[in-house]
Amino acid sequence: MKLKRTLTLAILAGAIAGQSVLADDVVDEIKLLRQQIEALDQKVRVLERKVELDKEASVEKNKTLPLITAGPSGFTISSADTNYVLSLHGLVQVDNRTFFGDKGINGNDSFLLRRARPIFQGTIARDFDFLFVPDFGGSTVQIVDAYINYRYRPWLQVRAGRQKVPVGLEQLQSDAVTSFNERSLVTDLVPNRDIGFQIWGDIAGGVASYAVGVYNGVGDSRNTANFDFEDNREFAGRIFLQPFKKTKLPALQGFGFGIAGSYGESSVTNLIGLPGTTGGSLAGYATDGQQQFFAYNPSSGLVAADGAHWRISPQAYYYYGPLSLLAEYAVSDQHVRKVGTATAADLQNIAWEVTAGWVLTGEDASFAGVTPRRPFDPKNGMWGAWQLVARYAELDVDNKAFPLFSNPASSASAAQSWTVGLNWYLNKNVLFKTSYSHTGFTGGDTSAALTSPAAVTRQPEDVWFTRLQLSF
Amino acid sequence: MKTILKFTALTNLALAAVITIAITGNAQAKDIKLLNVSYDPTRELYQEFNTAFAKYWKGKTGDTVEVKQSHAGSGKQARAVIDGADADVVTLALAYDIDAIADKARLIPADWQKRLPNNSSPYTSTIVFLVRKGNPKGIKDWDDLAKSGVSIITPNPKTSGGARWNYLAAWAWASQKYNGDESKIKEYIAALFKNVPVLDTGARGATTTFVQREIGDVLIAWENEAYLSLKEFGADKFEIVNPSLSILAEPPVTWVDKSVKRHGTADVAKAYLEYLYTPEGQEIAAKNFYRPRLAEVAEKYKSKFAVIKLVTIDSFGGWTKAHATHFAEGGTFDQIYKP
């Protein structure tokens, strides 16, 4: 019995001792496993953190990568900080002009590549902008715009180079968004582009805009050559106000008005580039169909600009919803002389125009054009934007021009033009225009000459325009 | 002729009106903006300081000052300013980074450090260890960081000013322990960096790695960053271990001359930095765990900061020599650390 009890106790003690050893092993193993799990947990955390840091580094790196964009506004490469930008835009205009009842004038019915311009625009070192625009349309390749602009502040900028002179309102409108194929008779009296320096700015977000500059000096409706024919300079300036632009009066926000002008002097001693008829700084005037109806073409002698030439042009526009109205009045006062004689006069030529438009599809009209809400996509029933436009313009040549400075038998003393048209904006980039223009003349209809202006002024000008335009 | 004169006079009058509107429109009580490009861990300090300075400046001048902050590793921030970041003031981790701005970008004169008191360092800090609560790995001093099985978090000395202070503090201790034997010092530093699993670009990133991602056993940190971690994440999760020897970190401040001249902010930028030295500025620094310079504020907050034996950058021959020796291309850090 005692032996049995002893044996039982010994077996029990052995079992307990064995359990204890086993428990210690289990505890050690659990401890080891816990350490391994903690080590693995740390490894996973480290890997996750490295991925996180790599992502942060990648985001930081992407902030310095250049941006490339392509879209309706053209193609742009820009540094990450936008201090360096190069944009490529373009303008292509394919026109047709068909003249009616022009009594056999040859060569004016035509398809033409009115403008074909790659437009290079950009920014250097954040504050310096540039624009370079060559034009391959027309008969010769020319540089249309080439300037550098320093942007000190929006209200104070300096521009130097070949640029539009700040006088005519319609002239200042972009070539891609004018209401008609050709600008009105008023642009016959204002300068186009010239080389010079201009200080300009927009104040209070465009509530007031100003520009004042000094240029080589260029005749009415003219572009400058790459150098000046004389030592005198021409000064030009413009102020334009949109007083309600920032108000909560939507009906008035699109109203703007201003005044512009220029002053320069020409010397008759320099005859280079100052022929009496169509060239140089003393130009004739052309119709909507780009046909000359007035020239400084007296029956004998040459006429040259001599002395002061000033212009003044009050101007205004109004845009409200689909309605657009634009009006300007221009006076160009030019002192002229018959070369080599004492015959001289101040000739004051005047022009004015009113243009109205209505976007039939309801989009807003603006000085910068119309953007269709529903771009052309006939499969989905979208037809772009449609706009009706109409214009009336007159140009009156000073009667003192006749006959000493212009031949009244061939040059008209006045022109009156009305034009109606329909513009179809397929999308932001493609536009189709069609318009009909009628211009009547006063005077200049008694010469039998076959050349302009006689051939033009013998009958009214009736011309049908169409244009297909691509711009981006 | 009369018409011409009338036209000219009218145009001149109109232009004069336009220019007057433009000029006078800019002469009223001003809204001033400053950009403070700072190093990584000073976010909380400058958040509080900027509010205090704006209130002071408004009371003094009537002008409203808004200070925009930028934070990242000190070296990275210096490079950003050199590359064109338009800072009005820089408040970086070490003088060498501001010297780089003066030297490479010529935005600041070479003697910038003399323009404000205490070598343009309105507050100081040092380097300590932040460990998990209970200090499970028994970290007491620098030699514990080189032991096997101890995981260290410290940022990259190539980008972080704090990391450079960390590195030099470790080097100073090793130099003392090994009596200047460079091969043994390098061996120690190599062993320390072998225990670093991930290198953040800045001190705040390293704190995030240690505190929020729960990686590592010890964070070598700015003293102020360590105390801030205790305050924000709980003294029940971490504790600070002060090493036997550390380095006196003197983060400097200065205005960027060419920027403030261009912005017209010279007066307010100078006043902004001078305000760091005022009693209020020093109080804000101390509350954010920076060691103040002003004696009376330092005395007030004396009990909050441990007494540690500190070496200065002068024991390394100054920052130019220290950078060339340790952190430049091919320096000791490049020799020791192979990622």
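Student: How many helices and strands does the secondary structure of chain B come to?
Tutor: In this predicted model, chain B has 15 helices and 12 strands.

Student: What makes a residue in chain B "buried", and what percentage of the residues is that?
Tutor: You count neighbours: with 20 or more other C-beta atoms within 10 Å of its own, a residue is called buried.

Student: Which residues of helix α11 of chain B are buried?
Tutor: For α11, residues 266-274, they are Val268(B), Ala269(B), Tyr272(B) and Leu273(B).

Student: How do you know where they sit around the axis of α11(B)?
Tutor: Look down the axis: the buried residues of α11(B) fall within an arc of 135 degrees, so they line one face of the helix.

Student: What covers the buried residues of α11(B)?
Tutor: Both helices and strands do, including α2 (43-61), α10 (257-263), β1 (31-38) and β2 (64-71) of chain B.

Student: And helix α14 of chain B, which of its residues are buried?
Tutor: In α14, residues 319-327, the buried ones are Trp319(B), Ala322(B), His323(B), His326(B) and Phe327(B). Their arc around the axis is only 100 degrees, which puts them on the same side of α14(B). Among the elements covering them are α4 (95-105), α6 (161-177) and α15 (332-336) of chain B.

Student: Into which domains is chain B divided?
Tutor: Domain 1 takes in 31-122 + 251-297, while domain 2 takes in 127-248 + 308-336. Their centres, taken over C-alpha atoms, are 26 Å apart.

Student: What makes two residues count as "in contact", and how many residues does each domain of chain B give to the contact?
Tutor: Their C-beta atoms must lie within 7 Å. Domain 1 of chain B gives 19 residues and domain 2 of chain B gives 21, so each of these has a partner across the boundary within 7 Å.

Student: Which element gives the largest share of the domain 1 side?
Tutor: That's α4(B), with four residues. The elements giving two or more residues to that side are α3 (74-82) and α4 of chain B. By class, the side of domain 1 that touches domain 2 has 10 nonpolar, four polar and five charged residues.

Technical notes
Residues numbered from 1 in each chain as written. Chains lettered and ligands numbered in written order. Predicted model: local features only at pLDDT ≥ 70, side-chain atom pairs only at ≥ 80, totals over all residues. Buried ≥ 20, exposed ≤ 12 C-beta atoms within 10 Å, placed from the backbone. Arc of directions from axis to C-beta. Domains from an automatic or database assignment. Nonpolar A, V, L, I, M, F, W, Y, C, P; charged D, E, K, R; others polar.
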